[in-house]
Amino acid sequence: MYQVVFVDDEAFVLEDLKKAIDWFGFNMEIALAATDPHEVLAYMREHPVHLILTDISMPQMMGTELIRRAREINPSVSILVLSAYDAFDYVRSAMRGGAENYLLKPLDPDELSESISTIVRHLEDRNKISRNFGPSMLTFRSSFVEGWCKGSFGEDELIARASMLGVNLQLDNYTVVLFSVADEYADKMPLLFDTVLSAFVGTYICHFYFESPSLFICILSSTENFNIFRFENETERLRPLVDFPFFVSVGTTEDNYADVCSSYHAVQKFQLLRHSPLSFLNCRYLLFPLHRQQAIEQNFQEISEESYLADIRKILEPLAPERRLSLQLAVMNWGIGQVESSGCAELIPPLFSKYRCDSTDTDCILSNIRSLFLSVRDMLSARELPQSAAQQYVRMIMEEVHNFSNKDVSLKTLAARLNMHPSYLGSIFHQQTGYYFNDYLNEERLKYAARLMENSNIRLKDIADMTGFSSQTYFNRQFKKRFNASPNTYRRELKLKGHDSPE
């Protein structure tokens with residue numbers, strides 16, 4: 001388990017931190033809770049520590065000094081700063097010293113959970129990357145770039161962090177690009193990384209982070225307008241320089257730094273296509289208006305083959321030839337994604353290899369989509385889970401999560417009902433589903449909120465409450481991150497979905 005240390009000069013804050021969230025559910029153990037920073041430093045010299053939560057203003061030692069000394073003892077320790085002051089200038093030096101985020105007192109449990117979830121992912125990826133690449137690669141990983149891509153920062157905070165890091169936010173083009181290799185080539189990623197950086201120096205301004213040991217994300221900007229065709233040619237010239245295949249996916253090009261998350265969303269949406277025979281993907285061509293996207297993204301187990309193909313035909317027939325190929329790719333990405341979410345990830349590459357996107361003929365494309373539809377539905381229907389105790393526990397957890405009236409659902413309460421340790425139950429859930437419990441809970445609440453918007457006129461404030469969020473502000477931020485649109489915008493687009501728009 002990851003070892004966590006709390007330090008705050010007020011003892012009641014330490015007690016509140018212990019109870020704020022289900023630490024065991026994040027595979028974390030509270031190793032020390034101290035009111036004196038010197039005690040924390042002494043503990044770190046003798047014990048491993050993965051995360052420090054520290055107040056910024058303490059009489060014995062300022063949090064900034066604690067961060068500096070802690071980094072000297074353990075350069076890779078993660079740090080989360082607590083502040084009673086809503087002024088980023090007050091914690092600027094802490095962020096400059098290497099803190100990953102800061103939270104305001106009194107703590108919002110949802111915001112703390114979100115930060116801890118991100119840090120846990122960083123810790124796990126850092127372990128994998130360190131094993132594959134060595135400690136020197138860790139210096140290239142930037143939580144700032146990840147937060148920028150995922151829209152985790154407010155505008156003021158983003159500007160302040162960019163200023164500290166010397167990142168220019170006044171350019172006129174930003175494009176998110178994904179580079180990935182198959183898992184068997186993960187140990188070769190340093191070569192691809194060095195090759196990409198060497199080739200792009202002087203041509204692009206590049207900011208990046210590793211999302212996994214076999215995948216890294218770049219934000220590219222250039223002094224000229226970003227030209228996707230030139231970039232594809234530049235990428236193709238890199239392939240002979242490495243002795244293994246790699247996949248490149250390019251998001252939309254945005255003219256404002258605040259819209260980088262839109263480009264990232266496009267790349268993330270079609271990330272599954274990295275398992276296809278494609279080597280280069282322009283995601284912009286795979287994006288369709290909301291009402292068409294909803295027609296594509298229907299559950300294959302809940303709609304008939306005839307109805308789904310009829311919906312796709314309506315989209316397909318008026319499209320230009322190049323857009324027809326894009327539609328087929330978008331359907332493949334969605335359909336095979338249902339196989340991935342069901343836990344049959346090993347079947348994804350063979351599924352992709354069965355289908356070719358080399359025809360613009362309507363009947364040929366529909367035949368291909370029909371074959372995909374039937375294959376995916378058969379896989380989902382035939383997949384019978386063994387009736388093991390672990391899977392019964394997971395089903396029980398999912399049922400409780402889907403009981404949205406229960407706002408107090410947590411690993412701790414569920415584990416108490418089963419007479420189990422929360423960390424053990426969390427481990428079972430992650431092993432069986434691939435989700436951390438809190439991530440799954442958040443995802444299902446957001447999907448339920450989207451369904452309520454589509455089928456009712458309930459006020460957004462009431463929807464936030466009905467879906468279990470602690471505040472509408474937190475709900476709005478999470479909803480926009482998940483659906484790339486604010487709740488108001490999403491609802492407005494739903495009302496317009498019956499009106500066609502030109503491609």
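Author: Angles under 35 degrees count as roughly parallel, over 145 as roughly antiparallel, 65 to 115 as roughly perpendicular, and the rest as oblique. The model is predicted, so local features need pLDDT of at least 70, side-chain atom pairs count only at pLDDT 80 or more, and totals for chains, interfaces and linings use all residues. Residues are numbered from 1 along each chain as its sequence is written, and side-chain values use heavy atoms, without hydrogens and water.

Helices here are DSSP runs (H or I, at least four residues), numbered from the N terminus. Axes are lines fitted to C-alpha atoms over the stretch in contact, with angles from 0 to 180 degrees between N-to-C directions.

Helix H19 (residues 437-455) packs on helix H21 (residues 472-483) at about 90°, with the axes 10 Å apart. H19 and H21 are therefore roughly perpendicular to each other. In this contact (heavy atoms within 4.5 Å), H19 contributes Asn 442, Glu 443, Leu 446, Lys 447, Ala 449, Ala 450 and Met 453, while H21 contributes Tyr 474, Phe 475, Gln 478, Phe 479, Arg 482 and Phe 483.

Helix H2 (residues 37-46) and H3 also have their axes 10 Å apart, at an angle of about 5°. That makes H2 roughly parallel to H3. Pro 37, His 38, Val 40, Leu 41, Met 44 and Arg 45 of H2 meet Leu 66, Arg 69, Ala 70 and Ile 73 of H3.

In H3 (residues 63-73), Gly 63, Leu 66, Ile 67, Ala 70 and Arg 71 are buried (under 20% relative accessible area, 1.4 Å probe, protein chains only).

Methods. Helix = DSSP H or I, 4+ residues; strand = E, 2+ residues; numbered from the N terminus. Buried < 20%, exposed > 50% of the residue type's maximum accessible area, 1.4 Å probe, protein only.
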